[in-house]
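Hello,

I am handing over the structure below. My notes on what was found in it follow.

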Amino acid sequence: MASRYQNIKIQKSDNGKTIYLPVKYPSLVPSNNDYYIIAREEDRFDLIAADFYGQPTYWWVVVMANDLPGDSMYAPPGTQLRIPGNLNNALSDFNTLNTQS
């Protein structure tokens, strides 16, 4: 499994310390391949990602697709969540935005 941090831009400060530049997340446009669920009280984004993508580390895809703040791993109960059906497109767009130049 590749880390989403593998292509993050890095630069050196004047004193030689490593600085990691901010991560950029893609806009995830809805498609006909998306899934929709209603969040229950016990639902967490990492568990949802594990169910749909086989990896809990893709929790951020669900958060970004639903324009949520990402300040909690728990999905708001009763909220309809869109689960992007094409994970490869989301990962490709993420890597394109964050590839070192």
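Helices (H or I, at least four residues) and strands (E, at least two) are DSSP runs, numbered from the N terminus. This is a predicted model, in which local features need pLDDT of at least 70, side-chain atom pairs count only at pLDDT 80 or more, and totals for chains, interfaces and linings use all residues. Residues are numbered from 1 along each chain as its sequence is written, and side-chain values use heavy atoms, with hydrogens and water left out.

Arg82

Arg82 sits in strand β4 (residues 80–83). With a relative accessibility of 7%, Arg82 counts as buried (buried means under 20% relative accessible area, exposed over 50%, partly exposed in between, with a 1.4 Å probe and protein chains only). Its side chain makes a polar contact with the side chain of Asp34 at 2.8 Å. A polar contact is a pair of N or O atoms within 3.5 Å; within protein, one must be able to donate a hydrogen and the other to accept it, and residues adjacent in sequence count only if both atoms are side-chain atoms. A polar atom of the Arg82 side chain also lies 3.0 Å from the backbone oxygen of Ala65.

Aromatic pairs

There are five aromatic pairs in the structure. Rings of Phe, Tyr and Trp (its six-membered ring) pair if their centres lie within 6.5 Å; planes under 30 degrees apart count as stacked, over 60 as edge-to-face and the rest as tilted. Tyr25 and Phe94 have ring centres 5.5 Å apart and planes at 45°, so this pair is tilted. The two are 69 residues apart, Tyr25 in the loop between β2 (18–20) and β3 (35–38) and Phe94 in helix α3 (residues 87–98). Tyr25 is partly exposed at 32%, whereas Phe94 is buried at 2%. Phe94 also pairs with Trp60: the centres are 4.8 Å apart and the planes at 45°, so that pair is tilted. Trp60 belongs to helix α2 (residues 59–65), 34 residues from Phe94.

Salt bridges

The structure has four salt bridges, each a side-chain nitrogen of Lys or Arg within 4 Å of a carboxyl oxygen of Asp or Glu. Among them, Arg40 meets Glu42 at 3.4 Å, N to O, and Asp43 at 3.2 Å. Glu42 and Arg40 are exposed, while Asp43 is buried at 9%. Another salt bridge joins Arg44 and Asp46 at 2.8 Å.

Regards
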